[in-house]
Amino acid sequence: MADNNKNPHYNFAFLDEGSKREIRRSILKAVAIPGYQVPFGSRELPIGRGWGTGGLQITLSIIGKADVLKVIDQGSDDSVNAVSIRKLAVATTGIETTAYTNEATVIQSRHRIPEEKLRNDQIMVLQVPNPEPLRYVTPKEAVSRKLHAEAEYSGIWLRLYEGIVKYGHTVTGADHPVSVSGRYVMNPSPIPRFDNPKLHNSDCLYLFGAGREKKIYAVPPHTDVVSLAYDDYPFSIENVKGRVCKLCGATGVFFDEIFDSDTNEHFFQCSDSGFCEKRRREVN
Amino acid sequence: MDNIMPVLAVRNMSVRFGESCEYCIKGCAVEKGRCPYCHTIWALNKVSFNLYPGEILGIVGESGSGKSTLLKALYFDMEVSCGEAYLSEYREGRENIFEISSQQKRYIRNHKMGMVYQNPVMGLRMNFSNSANVAEKLIAAGIRNAGNMTQRAEYLLSHVEVPVSRIKEEPKNFSGGMQQRVQISKALANNPPVLLLDEVTTGLDLSVQARVLDLIKKIQLELGISMIVVSHDLSVIRMMSDRTLVMLGGRIVEEGLTDQILEDPIHEFTQTLVHSLL
């Protein structure tokens with residue numbers, strides 16, 4: 001695709017240049033202090049706050065004319081939210097989009113990290129609803145900032161312990177807190193625990209944007225990211241053993257469980273629809 | 001006791017609410033805890049005392065005399081306006097603990113002091129299990145082994161007569177006496193050398209009061225912890241404390257052995273207090 005896809009009434013990438021520059025400055029600070037939540041002036045966008053505005057502002061600020069964008073929502077390229085964000089990005093930039101991870105240079109996602117290993121020339125942007133891992137400990141922003149400054153994360157550890165006491169294991173389904181570079185504890189956005197290890201020592205840059213909460217944070221390439229866990233209750237990912245994708249036959253990936261009410265049949269298929277489609281295309 | 005090193009030495013500790021003026025800073029103008037010129041409230045006015053090893057120090061006084069403020073300030077729940085305090089277990093008592101960083105203050109709260117609040121809501125997380133409430137202190141002290149923490153919580157909770165079968169329950173389902181027991185076990189989690197008890201028996205019926213006080217006494221004898229017990233109930237002070245401070249309007253007006261204070265009070269207020277027993 002070329003520039004002729006771009007709506008001439010908009011500035012390139014919707015936001016004005018000053019706004020993009022300010023957001024890029026916040027991103028640079030976030031990259032310089034891995035895991036630290038950098039406040040930024042979250043802009044108004046033609047989508048509602050809480051629908052990916054944080055991720056979208058990052059994407060629009062860093063995207064260039066030569067970039068190829070992939071937008072996914074819970075692993076799917078075709079969900080309403082992903083399609084809306086992609087349309088906005090195309091209408092205001094005219095850039096190319098793709099459903100395949102390896103072709104993309106910027107990937108915006110909600111709730112998933114793609115199955116394919118990301119490269120160092122790719123940037124992964126995650127939409128974050130609640131960036132503050134201490135929000136369960138204190139509702140006050142001033143207190144949580146002080147606790148971060150003092151690396152006082154007892155409240156987060158206590159939540160994990162409470163799960164062990166009551167259920168015999170930690171009960172974080174998604175958004176399992178991680179320690180970044182041995183300093184800040186951060187919410188890795190509501191990705192499943194399955195995706196947490198992908199953050200560790202990754203080749204690509206991860207950027208996290210929370211538009212409603214007005215925070216940006218980052219995990220730079222080759223950074224230590226450790227999921228919090230007790231010595232005697234090690235961190236574990238969701239059990240995917242014995243599951244096979246009904247469409248492409250993949251194993252060892254994160255699955256969506258599907259129930260067919262016509263046949264009363266339960267089956268699994270890859271959560272990452274682009275990955276699944278690519279496998280099927282290769283087979284065919 | 002002059003040649004014994006105190007566990008906690010407090011010097012000229014003041015807590016004031018308000019701007020304060022030159023008259024009340026000099027101290028001469030303050031009457032009943034309030035400056036008549038600038039209306040600054042002096043909740044604590046240059047309070048000094050020592051807490052010795054293995055001692056139970058009682059603090060009595062009327063409502064609003066500054067007893068609870070004293071404990072809250074010592075436990076860093078409240079900023080002091082001026083003054084010094086030295087804890088023998090922290091850097092050998094050489095550093096004023098009111099002037100250290102908030103990280104170090106948190107270290108002292110988690111390792112060197114325990115606090116039992118008058119209102120259990122202040123000291124417990126009502127939506128977390130009893131085990132997690134005790135473990136909170138252990139986590140703050142850096143322990144990252146869930147099994148060890150559960151063992152310790154079971155030991156402490158059974159020590160304060162909370163049935164082990166109920167450690168997964170939340171304290172909000174417990175009676176006031178049981179909540180106080182959970183608070184006591186939480187305060188003891190890291191074997192602190194100093195335990196602060198703020199009106200622990202208020203609101204409890206007499207039989208529960210007696211059991212909680214017996215328990216505290218038993219723990220003190222077993223572990224040799226130094227305690228500060230705040231109460232406005234003289235019978236609690238008589239039963240528990242070795243020495244007693246009497247507070248009025250943010251100041252200590254009388255200090256001495258408990259028997260001496262209760263049998264032969266010198267200050268007019270103490271005399272009124274002792275003779276106003278129902």
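**Exercise 1. What radius of gyration would a compact globule of 284 residues have, and what does chain A have?**

Step 1. Welcome! This is a predicted model, in which local features need pLDDT of at least 70, side-chain atom pairs count only at pLDDT 80 or more, and totals for chains, interfaces and linings use all residues. Residues are numbered from 1 along each chain as its sequence is written, chains are lettered from A and ligands numbered from 1 in the order in which they are written, and side-chain values use heavy atoms, with hydrogens and water left out.

Step 2. The radius of gyration is taken over C-alpha atoms, and the globule rule is 2.2 Å times the number of residues to the power 0.38.

Step 3. A compact globule with 284 residues would come out near 19 Å, and chain A, at 19 Å, agrees with that. Its C-alpha atoms fill a box of roughly 60 × 55 × 35 Å along the principal axes.

**Exercise 2. Find how many helices and strands chain A has, and what share of its residues is buried.**

Step 1. Helices (H or I, at least four residues) and strands (E, at least two) are DSSP runs, numbered from the N terminus. Chain A has seven helices and twelve strands.

Step 2. Buried means under 20% relative accessible area, exposed over 50%, and partly exposed in between (1.4 Å probe, protein chains only). In chain A, 54% of the 284 residues count as buried.

Step 3. Now pick one residue: Lys278(A) sits in helix α7 (residues 273–283) of chain A. Its relative accessibility is 14%, so Lys278(A) counts as buried.

Step 4. Contact means heavy atoms within 4.5 Å. Setting aside neighbours within four places in sequence, Lys278(A) touches Tyr100(A), Asn102(A) and Glu116(A).

**Exercise 3. Which residues of helix α2 in chain B are buried?**

Step 1. Helix α2 of chain B covers residues 67–74 and is mostly covered, with six of its eight residues buried.

Step 2. The buried ones are Lys67(B), Thr69(B), Leu70(B), Leu71(B), Ala73(B) and Leu74(B).

Step 3. Just after α2(B) comes Phe76(B), with a positive phi of about 65°.

**Exercise 4. Is Gln183(B) buried or exposed?**

Step 1. Gln183(B) belongs to helix α7 (residues 176–187) of chain B.

Step 2. At 2% relative accessibility, Gln183(B) counts as buried.

Step 3. Beyond its neighbours within four places in sequence, Gln183(B) has contacts that include Met115(B), Tyr117(B), Pro120(B) and Leu124(B).

**Exercise 5. How many residues does each chain bring to the contact?**

Step 1. Chain A gives 18 residues and chain B gives 22 residues.

Step 2. Buried area is the accessible area (1.4 Å probe) that two parts lose on being put together, summed over both. Chains A and B bury about 1,800 Å² between them, with 57% of it on carbon and sulfur atoms.

Step 3. On the chain A side, Glu150(A), Leu158(A) and Tyr161(A) lose the most area to chain B, together 35% of what that side buries.
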